[in-house]
Amino acid sequence: TFDERTVSVSSSGGTFGALQEFKLDATNSVPLQHLHFDGVTHTIRYRCCKREITVLTPLQQRYMDTMPVKVKEDTSNLLISPMPGSVSSISVQEGDEVLEGTEVAIVVAMKMNNSLKAPKSGKIKKIWAK
């Protein structure tokens, strides 16, 4: 989709960073700057805003239309370790009140102790690690 509509896109080519003309539905042309391509997603600048777009073939689009939309899980009330490791110690118990920044647990990863701190103040509802 481009400006809330599905379109066919063709490009004049060119190098990254250069201003390019993209044709939408073989009729309308829009100028945009192609910044980066990671093999799947193109990063462009359009109307002074950076946007990420994915270009699909008609067959890929038909498959995408049948895929269920993945709903992002709300993890705002969870403390999730930013790296894999072993839980060395847990500094709180269920029911404890903690303030933002309070150390909750220590995770050992790559022979280093990593302190996990409460991202916000609240009450410890459940501890899943042992």
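Reply: Let me begin with burial: a residue is called buried under 20% relative accessible area, exposed over 50%, and partly exposed in between, with a 1.4 Å probe and protein chains only. The model is a predicted one, in which local features need pLDDT of at least 70 and side-chain atom pairs count only at pLDDT 80 or more, while totals for chains, interfaces and linings use all residues. Residues are numbered from 1 along each chain as its sequence is written, and side-chain values use heavy atoms, with hydrogens and water left out.

Me: ok, so is Thr43 buried or exposed?
Reply: Thr43 is buried, since its relative accessible area is 14%. This residue lies in strand 4, residues 41-46, where helices (H or I, at least four residues) and strands (E, at least two) are DSSP runs numbered from the N terminus.

Me: and what is Thr43 in contact with?
Reply: Taking contact as heavy atoms within 4.5 Å, and leaving aside neighbours within four places in sequence, Thr43 is in contact with Gln33, His34, Leu35, His36, Lys50, Arg51 and Glu52. Glu52, in strand 5, is also the residue that stands opposite Thr43.

Me: how many bridges join strand 4 to strand 5?
Reply: Six bridges join them, and the two strands run antiparallel; two strands are said to pair if DSSP finds at least two bridges between them. Their hairpin has two residues between the strands, and Arg47 takes a positive phi near 50 degrees there.

Me: what about Thr41, buried or exposed?
Reply: Thr41, which lies in strand 4, is buried, with a relative accessible area of 17%. Not counting residues up to four places away in sequence, Thr41 touches His36, Glu52, Ile53 and Thr54.

Me: let's zoom out. How many helices and strands are there in the protein chain?
Reply: The protein chain has one helix and 10 strands, and read along the sequence they follow the pattern β-β-β-β-β-α-β-β-β-β-β. Of its 130 residues, 18% count as buried. Among the chain's contacts with a separation of 6 or more, 23% are between residues 24 or more positions apart.

Me: how much accessible surface does the protein chain have?
Reply: The accessible surface comes to about 10,400 Å², and 55% of that belongs to carbon and sulfur atoms; these areas come from the Shrake-Rupley method with a 1.4 Å probe, and for residues only the protein chains shown count as cover.

Me: which strands form the open sheet, and in what order?
Reply: Three strands form it in the order 6-8-9, and the pairing is antiparallel. Strand 6 and strand 9 (112-117) are the edge strands, each pairing on one side only. From one strand to the next the twist averages 30 degrees, with axes taken as lines fitted to C-alpha atoms (for helices over the stretch in contact) and angles running from 0 to 180 degrees between N-to-C directions.

Me: and over how many bridges do strand 8 and strand 9 pair?
Reply: Strand 8 (residues 103-109) and strand 9 pair in the antiparallel sense over six bridges, and Val108 stands opposite Asn113 in strand 9. These two strands form a hairpin with two residues between them, and Met110 in the turn has a positive phi of about 55 degrees. Lys111, found in the loop between strand 8 and strand 9, has a positive phi of about 65 degrees although it is not a glycine.

Me: are Met110 and Lys111 buried or exposed?
Reply: Met110 is exposed, with a relative accessible area of 80%, and Lys111 counts as exposed at 84% relative accessibility.

Me: switching topic, what does Lys126 form a salt bridge with?
Reply: The partner is Glu94, with the closest N and O atoms 4.0 Å apart; a salt bridge here is a side-chain nitrogen of Lys or Arg within 4 Å of a carboxyl oxygen of Asp or Glu. Lys126 lies in the segment after strand 10 (122-123) and Glu94 in the loop between strand 6 (86-90) and strand 7 (97-98), so the pair ties together parts that are 32 residues apart in sequence. Lys126 is partly exposed at 46% relative accessibility, and Glu94 is partly exposed at 45%. By this rule the count comes to one salt bridge.
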